Each structure stands twice: as structure tokens, then as C-alpha cells.
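Thank you for making time this morning. I would like to walk through one structure with you, beginning with the place where the chains meet and then moving to some local details.

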Number of protein chains: 2
Amino acid sequence: MEHPDLIDAMNATQAAQRLTARQPLVDDVHAVLVDMLMNHALEPGSRLNIDSMARNLGVSPTPVREALARMEAQGLVVKEPRRSYIVAPLIGLEDLRALIDFRLLIEPAAAAAAALNASPDEATALQTFARSGGSGDQDATSNRLDMVYDATFHDIIAKLSNNSWLRESLLRARSHLHMYRLYHHAKQAAATKPEHVAIARAIAQGDPDAAAEAMRTHLTTAMRRIDDVFASGELKLQKPR
Amino acid sequence: MEHPDLIDAMNATQAAQRLTARQPLVDDVHAVLVDMLMNHALEPGSRLNIDSMARNLGVSPTPVREALARMEAQGLVVKEPRRSYIVAPLIGLEDLRALIDFRLLIEPAAAAAAALNASPDEATALQTFARSGGSGDQDATSNRLDMVYDATFHDIIAKLSNNSWLRESLLRARSHLHMYRLYHHAKQAAATKPEHVAIARAIAQGDPDAAAEAMRTHLTTAMRRIDDVFASGELKLQKPR
DNA sequence: CGATCCTATTTCCTATAGGAAATTTACTAT
DNA sequence: ATAGTAAATTTCCTATAGGAAATAGGATCG
């Protein structure tokens with residue numbers, strides 16, 4: 001009558017259960033939905049059917065609704081009264097330009113703060129991570145991994161800035177989703193990897209000005225790459241309905 | 001499909017719609033709870049009893065829980081698994097500093113953009129509004145009106161920046177709410193009005209540098225005022241549990 | 001053929017019920 | 001008297017039920 005698969009999982013990990021108290025189902029559902037949304041498993045702009053989501057997850061609609069209420073406050077979904085929620089839509093080229101402008105205000109400062117705040121361990125971890133990703137391959141899974149790599153790299157820096165307001169505002173923007181949807185055939189990851197490495201190096205050296213400048217360069221060149229792709233006509237601008 | 005005349009007709013009857021078409025209960029509950037939280041009708045740190053709140057509001061626990069889930073994502077309450085929620089503590093000095101730092105990254109740029117974008121009508125409207133508010137009286141209602149005045153002024157500028165990301169990120173931060181909660185007992189010397197007027201003037205003159213500088217001054221003096229209040233011991237620092 | 005209205009089904013939203021965890025109360029033993 | 005424990009009560013959390021709105025399907029009319 002309740003969630004059988006979860007119960008099986010609980011029996012399997014019964015020892016672990018004794019140590020860590022089971023967290024409410026809502027938190028699990030929320031984590032799953034956020035993950036699906038961030039990974040494009042929930043299509044932006046699409047309507048969410050609460051009952052079917054609940055069935056698919058093996059839970060009742062109640063925790064699903066609660067998770068969606070959280071996600072609404074996070075700006076990840078948009079409530080349409082009496083019509084459930086839709087996944088927050090992605091954007092067109094003009095809005096993307098505004099997004100880059102916005103990030104140019106914030107992320108260079110975040111990188112500078114990270115250069116001042118990061119411990120040696122954190123700095124080397126960042127450098128290691130920067131070198132780890134960005135295969136640049138063209139198949140779908142590599143592309144998705146590259147997107148996660150990019151998002152994670154920027155989030156690590158935001159975290160190192162020690163400013164939760166800053167970090168939250170970037171997470172909410174979901175820049176990586178917007179960028180990769182509009183422009184995933186260009187060799188974004190391959191091109192960005194050396195730029196990430198440069199940013200990480202400046203942070204590891206504790207040089208805030210160089211870190212900020214490297215971040216600025218990274219963002220402006222990303223915007224220029226996108227402009228080039230659009231100018232070449234490879235991508236058509238999608239009308240947001 | 002959306003004929004402009006039809007849309008106008010809909011707007012005309014929008015007031016009538018609001019009477020009949022009632023918005024979901026969750027939204028009402030959320031609004032009430034946020035208001036109670038701002039006015040310290042919900043005391044910071046106190047545990048929330050979902051059932052009794054539902055009884056007091058004359059609704060069932062379900063919409064109350066949903067509203068609380070939203071408020072959790074907004075940082076207004078803190079979830080304690082299996083123990084409901086507690087009201088989030090008042091913002092501490094360190095978080096407040098981070099919030100001002102964050103705004104210093106964004107709002108001067110917003111003011112500069114507004115100086116470039118604002119039409120003459122919009123500029124004079126902004127100036128009129130800047131001069132309209134900020135009574136500075138000490139009673140509770142005046143204090144609240146001053147808060148709304150301040151929040152509105154900053155939001156108008158964010159809107160005039162023509163960058164929705166920028167505006168959204170400021171709205172989501174809800175700085176005015178946090179400040180109002182801190183200064184609920186009416187002690188804020190509302191010296192902000194002349195600073196607002198100065199910002200509005202620079203924007204009206206179409207001078208982006210002056211506008212940015214005036215905004216920077218406004219924010220840094222606000223931070224200094226806060227430091228003074230904390231230093232005077234009127235407000236206690238929040239101990240992180 | 002297209003538009004409007006009416007019916008049927010789906011889906012949302014709120015209330016209620018019940019199991020499980022947490023808290024309080026009461027009791028026992030040292 | 002106090003510490004520890006067990007029972008009783010409260011409270012949370014999830015599932016389910018049912019009324020109300022919205023969508024889909026179909027028929028009638030222009």
C-alpha cells in the first residue's frame with residue numbers, strides 16, 4: 001500500500017538506517033525532481049502532472065506537491081493556479097545576453113573572493129576538478145556530462161566566495177541549462193576547459209584580480225562563441241511560446 | 001490566438017474576476033504567514049505547530065504545510081525533519097554584510113543601466129516617487145510604509161535596468177523583509193530619502209556613473225548605519241545555535 | 001470548413017484518516 | 001529526591017477521498 005520499492009531499499013540498508021534517521025519522503029522527492037529538472041529530464045515549459053509524477057515515483061501526490069512548492073520558491077517551476085505547475089521555461093538569445101551581463105556582474109567578484117578565501121586544499125581540489133572534465137565529445141551523454149561539469153565548476157567558485165546570496169542567485173539562474181540548450185553542438189566544453197583551468201590557477205595563486213579577469217574573459221568569450229554560432233545560421237532562434 | 005483587444009477587455013474585468021475566481025488557499029496562507037513572520041507574530045526560533053496553525057487559520061494542515069515548504073526555500077523557516085519547522089532566526093551581522101556585498105555588485109550597475117534606459121516619463125516618475133515616501137516616523141505603521149517605500153524604489157530601478165535576471169535576483173533576496181524583521185521595533189533612522197532622491201536625480205540626468213556612485217553610497221552608508229546599531233548593542237548577534 | 005456550446009473525463013486542490021515518530025507524563029527503583 | 005524508563009498523548013508525515021475547476025471530445029449551427 002505504501003512505496004514498496006523504498007521499503008525494500010530500507011530493508012537492504014537496515015543497518016545504515018539505525019545510524020541515520022530516515023529523512024522525510026518530501027526531501028527525497030524534492031531531490032529527485034531537482035535532479036531531473038537540472039538534467040533536462042523534465043522539459044522546460046512543459047506542464048507537470050502531479051498524479052502521474054506521484055505514480056512514477058511510487059508515492060502519493062501530497063509529498064510531490066510539497067516538493068513542487070519548494071521548487072516554486074526556488075524559481076525552478078512556475079505555478080499556474082488551478083493548472084498545476086510548469087517547468088520554468090528556457091530563454092532566447094536576447095535573454096541569454098542579459099543573463100551573461102548579469103553573470104558578469106557577479107561571477108568575477110565571486111572568483112576574486114574565492115581567490116582570497118580558498119584554503120590550499122580547496123584550491124587544489126578546484127584545479128583538479130577543472131582539469132577533470134570537458135571531454136568535448138559530441139554524443140549526447142558526453143554533452144550532458146560536459147554541462148554538469150560546467151555547472152559544477154561555477155558552483156564551486158560561488159561556494160568558495162562564502163556569500164550564500166551570490167551562490168543562490170546563480171543556482172537559480174540555471175545558466176548551464178540555457179547555454180547548452182541553445183548551443184550544444186558547438187564545442188563549448190572543449191573550448192571552456194582551458195579557460196576553467198586558468199581561472200582555477202589564478203584562484204590557487206590567491207590572486208583576486210587575475211581570477212576576476214579570467215572569469216570575465218571566460219564569460220565574454222562564451223557569449224561571443226554563441227553569437228558566432230547564431231550568426232553562422234547553424235541554430236535557429238526558438239520562439240518561447 | 002491572443003487578440004490585443006480581447007486582452008484589454010480581460011484586463012478591464014480583472015477586478016470582477018478577482019471577486020469570483022478565488023486564488024488557491026495555499027497562496028493566502030502563505031501571505032498570512034509571511035506577514036506574521038515579518039511582524040514577529042511568529043517569534044524567531046520558535047517551533048511551529050502545524051495543526052494549531054491550521055485550526056487558527058480555519059484551514060486544513062495540507063495548505064499550511066505547502067506554504068511552509070515554500071517559506072523554507074525562501075529561508076524564512078527552517079525544517080527540522082520529523083519535528084516540523086522553526087521560524088528562521090533574524091539575519092545576523094555576517095549574513096547582512098554578505099547581502100549588502102551582493103547588492104553592491106548588482107544595484108550600482110542597475111542604476112547605471114536605468115540612467116541609460118529610462119524614458120523621460122519614467123525618470124520623472126521615479127523622482128516623484130523618491131520624494132514621496134520615507135516619513136521616518138517611529139510608529140509601527142509608518143515603519144512598515146517606509147519599508148515598502150524602500151523596497152519599491154529599489155525595484156523600480158531594477159525594472160528600469162531592463163535586465164530581468166538582475167531584477168529577479170534582487171526580489172528573491174528579499175532584503176527589505178530581512179531588514180524589516182531586524183528593525184521591527186522601529187529604530188531605523190530613515191535618512192534614506194535624500195539618498196534616494198540623489199539616485200533618482202542622477203538617473204533622470206542620464207548620468208550612469210553618477211547613478212552608480214549614488215547607489216554605492218546609499219548601500220555603504222546603509223551598511224554603516226547597521227554596523228552602528230549592532231555596535232551600540234541594541235541588536236544582539238544571532239548565535240548560530 | 002470553422003466556430004460555439006455542451007458533455008464527459010481528467011486533474012487539481014483541500015480535507016480527512018491513520019501509522020509512526022516525538023514529546024510529555026507517570027512511575028519505579030536506587 | 002533523582003535518574004531512568006515505560007506508557008500515554010501529542011504531532012508530524014503520507015495516503016486517500018471527494019468537490020471543483022479545467023481540458024478534451026463531440027455535436028450543432030453558421
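In this model, which is a predicted one, 32 residues of chain A are in contact with 32 residues of chain B. The area buried between chain A and chain B comes to about 2,800 Å², and carbon and sulfur atoms give 60% of that area. As for specific pairings, the rule finds six salt bridges across the interface of chain A and chain B, and the count of residue pairs in polar contact between chain A and chain B, with both residues at pLDDT 80 or more, is nine.

Which elements give two or more residues to the side of chain A that touches chain B? They are α5 (61-73), α6 (93-117) and α9 (164-173) of chain A, and among these α6(A) gives the most, with eight residues. Sorted by class, the side of chain A that touches chain B has 15 nonpolar, six polar and 11 charged residues.

Let me turn to the charged pairs themselves. Side chains of opposite charge can pair when their charged atoms come close. A search of the whole structure finds 22 salt bridges over all chains. One of the salt bridges is formed by Arg70(B) and Glu72(A), whose closest N and O atoms are 3.4 Å apart; the pair crosses between chains, running from Arg70(B) in helix α5 of chain B to Glu72(A) in helix α5 of chain A. Both Arg70(B) and Glu72(A) are buried. Another salt bridge joins the side chains of Glu168(B) and Arg172(A), at 3.9 Å from N to O.

In chain A, Glu213(A) forms a salt bridge with Arg216(A), with 3.2 Å between the closest N and O atoms, and both residues lie in helix α12 (residues 208-231) of chain A, three residues apart, which is about one turn of the helix. Glu213(A) counts as partly exposed because its relative accessibility is 42%, and Arg216(A) likewise counts as partly exposed, at 35% relative accessibility.

In chain B, the side chains of Arg97(B) and Glu94(B) meet in a salt bridge of 3.9 Å, N to O, and these two residues lie in helix α6 (residues 93-117) of chain B, again three residues apart, or about one turn of the helix. Arg97(B) is partly exposed, with a relative accessible area of 29%, whereas Glu94(B) counts as exposed at 57% relative accessibility. Beyond such pairs, salt bridges that share partners join Asp27(A), Arg70(A), Glu72(B) and Lys79(B) into one network.

In helix α4 (residues 50-57) of chain B, Ile50(B), Met53(B) and Ala54(B) are buried. The buried residues of α4(B) pack against α3 (25-38), β1 (47-48) and α5 (61-73) of chain B.

Both ends of this helix deserve a word. At the N-terminal end, Asn49(B) caps α4(B), with a side-chain oxygen that lies 3.1 Å from the backbone nitrogen of Asp51(B). Just after α4(B), Gly58(B) takes a positive phi of about 75 degrees.

Finally, there are two residues in chain B that I would ask you to find on the screen. His218(B), found in helix α12 (residues 208-231) of chain B, is buried, with a relative accessible area of 4%. A polar contact of 3.1 Å joins the side chains of His218(B) and His196(B). Leaving aside its neighbours within four places in sequence, His218(B) is in contact with Asp150(B), His154(B), Thr192(B), Glu195(B), His196(B) and Ile199(B).

The other residue is Lys159(B), in helix α8 (residues 140-160) of chain B, which is exposed, with a relative accessible area of 51%, against a cut-off of over 50%. Lys159(B) and Ala110(B) are 49 residues apart in sequence, yet their C-alpha atoms are 8.5 Å apart in space.

Note on methods
Residues numbered from 1 in each chain as written. Chains lettered and ligands numbered in written order. Predicted model: local features only at pLDDT ≥ 70, side-chain atom pairs only at ≥ 80, totals over all residues. Heavy atoms only, no water. Buried < 20%, exposed > 50% of the residue type's maximum accessible area, 1.4 Å probe, protein only. Helix = DSSP H or I, 4+ residues; strand = E, 2+ residues; numbered from the N terminus. Contact = heavy atoms within 4.5 Å. Polar contact = N/O pair within 3.5 Å; in protein donor to acceptor, adjacent residues only side chain to side chain. Buried area = accessible area lost by both parts, 1.4 Å probe. Salt bridge = Lys/Arg side-chain N within 4 Å of Asp/Glu carboxyl O. Nonpolar A, V, L, I, M, F, W, Y, C, P; charged D, E, K, R; others polar.
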